[in-house]
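Hello,

Here is the structure for you to look through. My notes on what was found in it follow below.

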Amino acid sequence: MSRIQATFARLKQQQRKALIPFITAGDPSQQITVPLLHALVEAGADVLELGVPFSDPMADGPTIQRASERALKHGMSLRGVLAMVAEFRTQDATTPVVLMGYGNPIEAMGWEVFAKRCAEVGVDGVLTVDFPPEESHDAFEHLQAYGIDPIFLLAPTTEDARVERVAKLARGYVYYVSLKGVTGAGHLDLDAIAQKIPQLRQHINLPIGVGFGIRDAATALAVAKLCDGVVVGSRIVQEIENSTEQNVVANVGKLVRELRLAVDRA
Amino acid sequence: MTYNYPDSTGHFGIFGGIYMAETLIPAVEELSRQYLRFRDDPEFKAEFAYELKHYVGRPSPVYHAKRLSESLGGAQIYLKREDLNHTGAHKINNAIGQALLAKRMGKKRVIAETGAGMHGVATATVAARFGMECIVYMGAEDIQRQAANVFRMKLLGATVVPVESGSRTLKDACNEAIRDWVTNVESTFYIFGTAAGPHPYPMMVRDFQCVIGNEAKVQMPEMIGRQPDAVIACVGGGSNAIGLFYPYIEEKSVQIIGVEAGGHGIASGKHAAPLTANAKVGVLHGNKVYLIQDENGQIIETHSISAGLDYPGVGPEHCLLKDQGRAQYVAINDDEALAAFDALCRFEGIIPALESSHALAHAMKIAPALGKDKVLLVNLSGRGDKDMNTVANLKGITL
């Protein structure tokens, strides 16, 4: 059983929902990322989404754009992100790590080399925002050959036929983008999510995480009631941006503990 | 074998495709369906032809640049005068086509990215013409370089949004337009300005721009009794170029030459010439193309004197034509483009856009070594009025 499967199986048994925080690797500095990952786990994270910074993050709002720019300025690269996961794994063998980003840095490395490296360092899943299933055949064959789960996005605009297509390729969990917009947007529509999730479940047997627009304990709780996992990205990245090198680990830990408490009330 | 691209999934060989975030995939698929539905619709075609004739002023003439050719002492240079179109560049051909499609799809809001501002002006123009709300994203750096075009867009009723992220140029304007589209996908039509991006844009923009080459194929035999020996156009994303080239692909006697922006020279690394510099294949803005990037797959900032060519990628069909060897791609440096700009002003009384000056510069470079009976057809894709400030600055003059 993969780490992602094991995690969701355990949560199901405990009747809890997953908390899935996102941070950008190398933001605000390369030394802080691994300690931050451990702090996220300690504060109650179930799955970690680690952003691979890209020069042109088209699906991201200003907060994650700035995080990517900060990380790239310090020389963050896909190679560097993989090394961070390796370091994280020396102390944490169980928490799933999903790399999230855009396809081009992986294209530049080569999908087979990338998939092999993922398996070696202990990456569990890969989500490439701009690689839909139609363009991903070779890419995902390589991932699957090395036992890495391709994580797919579904959106409010995704129609049933596409959900079906995505369902065939998806592994681990699927990530439902709760709103039309970029990351960090603020107009969460809970009724629409409540309506869409049961439709998705008709085609998807995997756990469904929901992200985009979750900014505090109240929204985390409301969304957690509707799905299997809550993804929080921009809000955490914002906390990192507003912290100093000295208090960032403590501040992020505090925020994630609050979110954990909220999600566990669902 | 006849040339027939893209395939049904939007691929030009390994290039092209639909590399987009999930939220936008249904939108581009719907756009494909609607475009294929209307492309051959007699009413749509008639309306497009009417607008091109009565609003744009087509056909654009072909002009024999005799004094310029004589000064070079070799091949004859002919110019396809897209600079004489309404709004001053080829961009209007595509903007009208997409606006007509937007109208049929019931979209009341259009967005666009722009570099030099010509596509922004064209989009603002058709939005005014058809009564649509118009938002244009433009890099803050380009807004400085192209102040006159910014004012034109505002006069036409468009909102111009400065983009401060990244290199603050065309690619960043594209990123921001995509972010707008993903947020307003249901109400908004993205009038994309070049023959790149996710399918169906490379095909659709090419089809709308093919009027350039289709006219030239009729005009050249009327003028010289045959087709030219070579067709030459500048390539940023490559829409004016593919518009001229595409109808000539099966005319094997006609050489096809695309001219990229060499900036300070390929060796300097400060250029915008992915094809000439043998850049690696990559994925950006919805399609797989040759892309200027570092070894980690991050997009590198490009440089060109001309904002319209200052882009790290290139349309997928040009990538294929390069690989097939059907077209040749070369680069012209900033200073060579400026010299061609000056030459056309002085010899022919035509002020070309800095973008088009690149194509002209290459024709001027190869003409002297060719016989006087050889004919080079250069796409003069736009006029240079917008470049007055840039050129004045380079000459050390304050206007």
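A charge sits over a ring if NZ of Lys or CZ of Arg is within 6 Å of the ring centre and within 35 degrees of the ring normal. By that rule, the charged end of B:Arg206 sits over the ring of B:Tyr246, 4.0 Å from its centre. The charged end of B:Arg81 likewise sits over the ring of B:Tyr63, at 5.9 Å from its centre.

This is a predicted model, in which local features need pLDDT of at least 70 and side-chain atom pairs count only at pLDDT 80 or more, while totals for chains, interfaces and linings use all residues. Residues are numbered from 1 along each chain as its sequence is written, chains are lettered from A and ligands numbered from 1 in the order in which they are written, and side-chain values use heavy atoms, with hydrogens and water left out.

B:Tyr3 is buried at 14% relative accessibility, whereas B:Tyr246 is partly exposed at 24% (buried is under 20% relative accessible area, exposed over 50%, partly exposed in between, with a 1.4 Å probe and protein chains only).

Over all chains there are 20 aromatic pairs.

Regards

Technical notes
Rings of Phe, Tyr and Trp (its six-membered ring) pair if their centres lie within 6.5 Å; planes under 30 degrees apart count as stacked, over 60 as edge-to-face and the rest as tilted.
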